[in-house]
Amino acid sequence: MATAKKTAAKKAPAKKSPARKAAPQDAIALLRADHKVVSDLFEQFEKTRSDTRKAAIVAKICKELTVHTEIEEEIFYPAVKAALKDHELIPEANVEHASVKDLIAQVEGKTPDGEMYDARVKVMGEFVKHHVKEEHTEMFPKAKKTKIDMVALGQQMAARKQELMSARG
């Protein structure tokens, strides 16, 4: 019997451990994590000289940004806009997204071909940096003060993000 108790005791923590790792992330934490991933990718792009490596990094940037903007536009922005009764922050963010999407279309799936390719990626990075700064300093603090359930919103966004990432391969 002592052996059965030891075996059961060993199994119990293993069941709890995954639950702790899968703790839901609130919406803003999810978006901030995405921002960090993309920022790191832009830094990698700036440091590399290899066209093959540039193309791989740009493919990741485009995938990350496309999925990120989609979950913001579908889920986060409508919730924040309604809660804040906003007519400025969200429309401006959507315009910024349109500019980034235009640049994505100019580089996604293209072979790096010199200075114009690099310039497009650099400008995209600058647009994203500006957009992220506005979200972090203006939108997120205001959103946190609302009655939005950020954990529930984060769960919805995480599920949609997983769907979109899977669909993009």
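From the N terminus on, the elements of the protein follow the order α-α-α-α-α-α. The model is a predicted one, and it contains six helices and zero strands. Of the 169 residues in the protein, 35% are buried. Contacts between residues at least 6 apart in sequence were also examined, and 78% of these join residues at least 24 apart.

The helix α4 was considered in more detail. This helix has 19 residues, and the distance from its first C-alpha to its last is 27 Å, close to the 27 Å expected at 1.5 Å a residue. The buried residues in α4 are Leu 89, Ile 90, Ala 93, Glu 96, His 97, Val 100, Leu 103, Ile 104 and Val 107. These residues lie on the same side of α4, because they cover an arc of only 135 degrees around the axis. The cover over the buried residues of α4 includes α3 and α5. After α4 comes Gly 109, which has a positive phi, near 75 degrees.

Empty space within the model was examined next. Rolling a probe the size of a water molecule over the atoms shows where such space is left. Two cavities of 30 Å³ or more are present in the structure.

The largest cavity has a volume of about 90 Å³. Its lining consists of Asp 34, His 35, Val 38, Leu 65, His 68, Thr 69, Glu 72, His 97, Val 100, Val 128, His 131 and Val 132. At least two residues of this lining are supplied by each of α2 (27–47), α3 (51–84), α4 (89–107) and α5 (115–144). The helix α3 gives the largest share, four residues. Sorted by class, the lining of the largest cavity has five nonpolar, five polar and two charged residues. His 97 and Val 100 are among the residues that line this cavity, and both are also among the buried residues of α4.

The second largest cavity holds about 60 Å³ of space. Leu 89, Glu 92, Ala 93, Glu 96, His 131, Glu 134, Glu 135 and Met 139 line the second largest cavity. Two or more residues of this lining come from each of α4 and α5. The lining of the second largest cavity has three nonpolar, one polar and four charged residues by class. Among the residues in this lining are Leu 89, Ala 93 and Glu 96, which also belong to the buried residues of α4.

The largest pocket contains about 320 Å³ of space. This pocket is lined by 15 residues, of which Ser 39, Phe 42, Gly 125, Glu 126 and Lys 129 are the closest to its centre. The helices α2 and α5 each contribute at least two residues to the lining of the largest pocket. The largest share, eight residues, is that of α5. By class, the lining of the largest pocket has six nonpolar, four polar and five charged residues.

Definitions and conventions: Residues are numbered from 1 along each chain as its sequence is written. This is a predicted model: local features need pLDDT of at least 70, side-chain atom pairs count only at pLDDT 80 or more; totals for chains, interfaces and linings use all residues. Side-chain values use heavy atoms; hydrogens and water are left out. On a 1 Å grid over the protein atoms alone, a cavity is a set of points where a 1.4 Å probe fits but cannot get out, and a pocket is an open set with protein on both sides within 12 Å along at least five of seven lines; lining residues have an atom within 4 Å of a point. Grid points are joined across faces, edges and corners, and a volume is the space filled by probe spheres set on the points. Ala, Val, Leu, Ile, Met, Phe, Trp, Tyr, Cys and Pro count as nonpolar, Asp, Glu, Lys and Arg as charged, and the others, Gly among them, as polar. The expected span of a helix is 1.5 Å times one less than its number of residues. Buried means under 20% relative accessible area, exposed over 50%, partly exposed in between (1.4 Å probe, protein chains only). The arc is that of the directions from the helix axis to the C-beta atoms. Contact means heavy atoms within 4.5 Å.
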